[in-house]
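Colleague: Could you walk me through this structure? Please keep to what the coordinates show.

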Amino acid sequence: MAATAGTPTLAADLEAGRRKAEPCKSCHGPDGNATLPGTPSIAGQPTFFTHWQLIKYRDGRRKDPQMSPFAASLSDADMADLAAYYAAQRPLPRPATTGPVKVAAGRELARQHLCVSCHRPGLTGHEQVPRLAGQDLTYLVKMLRAFKAQTAGDLDGTMTTAAQPLSEEDIENLAHFMATLPPSP
Amino acid sequence: MPRIIPTAVVVVLTSVFALVPYVQGQQAPPPTWKQGQPASMADSPLAPVAQPPAPKAPGEMPVDKIKVPAGFKVSLWAHGINNARVMTWGDKGTMFVSSRVAGNVYAIQDTGATREVKVIAKGLNLPNGVAFKNGTLYIAEVSRITKMVGIEDKLDSPPAMEVVYDILPRDLPHGWKYLAFGPDGKLYFNIGAPCNICIPPDTHANISRVNPDGTGFEYVAHGVRNSVGFDWHPETKDLYFTTHGRDWLGEDVPSDRFDVAQKKGLHFGFPYCHQGDILDPEFGKGRSCGEFAPPLIKTGPHVAGNGVQFYTGSMFPPEYKNRIFLAQRGSWNRTEKTGYKVMMVTLRAGDVPKYEVFAEGWLQGGQPWGRPVYTQLMKDGSLLIADDYAGAIYRVTYQR
């Protein structure tokens, strides 16, 4: 019995993840808390979420000028280690200039669109579903637009379907609301 | 000229969905899995089991916990196949394996002692369906069926995917397909309901077929919520299929179904009647279950029956001839998990079918370590079971 395909394992190595995260630091920050607008913080994201995103970048379902070439050379074990390392980091809030009117409208939209049903109360995420709370405002807008445009490389279609009714104003309001939530429960 | 698409495609969905009943400022439809949840259960912790992003290593799979009848033995046949789903054999002995959310199609070459796994297509749109005929592999994604001609000779540089049929609905909920050749040489597949419970468009909630050249599309069975597994009786040639029942009607209702379609055009009840005898509280009003084809077997609530496999091999005892294996991926919409088994059906003339457990043990302490999802026979008559949760394939053998 010796099937190949990388002989991957779920038993990830945190220390290896820390070493392998070296090239990620310039954009995502030393511990996964990014400061560049438009770049997501990945500290504290669920392991399944980060690992699936890396797979999607590697197989071309998700595209980004920085991430696609980086993910192209990752093994399954690299992905597991990186996902485990970032999941173990403490997420910090991103500085954002949010408007109270937009935040209030976004809160109501999040209720209407049932975001908590997958992203959990507080929008802190779990398993394959990302934390949105305290995420970078610009990034949130970018991703919601991409889901609406059906170019975001959805895992199973849930977000692509959910984003279809959103107007540009809705997207902005939702992002303002999500960016104000505390990233840790 | 056939239209050619690159093997690794980035899926761009280009059209509207069947169901976007939304008015700005009003309550939006919930995600599919939450549709139909009563308000009283809004805080229910029940949610679909998350698909792990990586397959398990051999040491992480307690294969010895899988129980089978006396004389049978289970071993790990292949691993490292992320999200392994449908298995189909090539003419020259290559095993092709689909996936769903992993977006890959794999080829496995069995060298006897080892199995080598190759990814032959990636980045596809829920490519659950694979079927093989005359040197050609057919792949069903959400809205199209494509083919790779002569693939078995080109596993290291797979040929382009040529479109067979690409005007299927683009809805992602229940949009993934089972695909198989019927005894009539046509390609059969499901078009699932784009919801948990709804009045589906006329184009959805059915089993359909098309000629392998893309002509002659027609509906075969109606009122089928989502069937992702079927097979044909080796003698009568009737179509037998599993169907997943709706969620959020209760812990123990409705039962999933195992059905037979002895002719084309029957209606199997969705969304009006569930399990043959329960009218839907919302959509069943004014209807009667007597209008619809009854299930052959109520297979149990939330068990999620996928693969259907008539046993036509010679390794198992003689009474196994034409018995049916049903792979049940297992429940999420139930407090105590159920399914996660391979069941066995014995059809009996003039009597109800016998329905019993063949293999179980993927649930340990109420939690799954694997999910049996499809089966396939080996040439020697042993039974392969694909597990999409562990990314592995097991082999069941029998020795007197």
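Modeller: Four strands of chain B form an open sheet in the order β2-β30-β29-β28, with antiparallel pairing. Strands here are DSSP runs of E with at least two residues, helices are runs of H or I with at least four residues, and both are numbered from the N terminus. Two strands pair if DSSP finds at least two bridges between them.

Colleague: Why do β2 and β28 of chain B each have one side without a neighbour in the sheet?

Modeller: β2 (72-79) and β28 (372-377) of chain B stand at the edges with a single partner strand each, so one side of each has no neighbour in the sheet. On average, neighbouring strands of this sheet are turned by 25° against each other, direction ignored. Such angles are taken between axes, which are lines fitted to C-alpha atoms (for helices over the stretch in contact), and they run from 0 to 180 degrees between N-to-C directions.

Colleague: Before we continue, what kind of model is this, and how are residues and chains labelled?

Modeller: This is a predicted model, in which local features need pLDDT of at least 70 and side-chain atom pairs count only at pLDDT 80 or more, while totals for chains, interfaces and linings use all residues. Residues are numbered from 1 along each chain as its sequence is written, and chains are lettered from A and ligands numbered from 1 in the order in which they are written.

Colleague: Back to β2(B): how many bridges join it to β30 of chain B?

Modeller: Seven bridges join β2(B) to β30 (residues 392-398) of chain B, and the two run antiparallel. Within this pairing, V74(B) has V396(B) of β30(B) as its bridge partner.

Colleague: Is β24 of chain B mostly covered or mostly open?

Modeller: β24 (residues 341-346) of chain B is mostly covered, with five of its six residues buried. A residue is buried if 20 or more other C-beta atoms lie within 10 Å of its own, exposed if 12 or fewer, and partly exposed in between, with C-beta atoms placed from the backbone.

Colleague: Which strands does β24(B) pair with?

Modeller: β23 (residues 324-328) of chain B pairs with β24(B) in the antiparallel sense over five bridges, and F325(B) has M344(B) as its bridge partner there.

Colleague: Changing topic: where are the cis peptide bonds?

Modeller: One joins V253(B) and P254(B), with omega about -15°; P254(B) lies in the loop between β16 (239-243) and β17 (255-261) of chain B. A cis peptide bond also joins F270(B) and P271(B), with omega about 0°, and P271(B) is in the loop between β18 (266-267) and β19 (273-274) of chain B.

Colleague: Which residues have a positive phi without being glycine?

Modeller: N83(B) is one of them, with phi of about 65°. N83(B) sits in the loop between β2 and β3 (87-89) of chain B and counts as buried, with 26 C-beta neighbours inside 10 Å. A304(B) has a positive phi near 60°; its place is the loop between β21 (297-301) and β22 (305-310) of chain B, and A304(B) is buried because 25 other C-beta atoms lie within 10 Å.

Colleague: Now chain A. How is it divided?

Modeller: Chain A has domain 1 (14-87) and domain 2 (100-180), with bounds from an automatic or database domain assignment. The C-alpha centres of these two domains of chain A lie 21 Å apart.

Colleague: How do α6 and α10 of chain A cross?

Modeller: The axes of α6 (residues 100-112) and α10 (residues 168-180) of chain A come within 7 Å and cross at roughly 100°. α6(A) and α10(A) are therefore roughly perpendicular to each other; angles under 35 degrees count as roughly parallel, over 145 as roughly antiparallel, 65 to 115 as roughly perpendicular and the rest as oblique.
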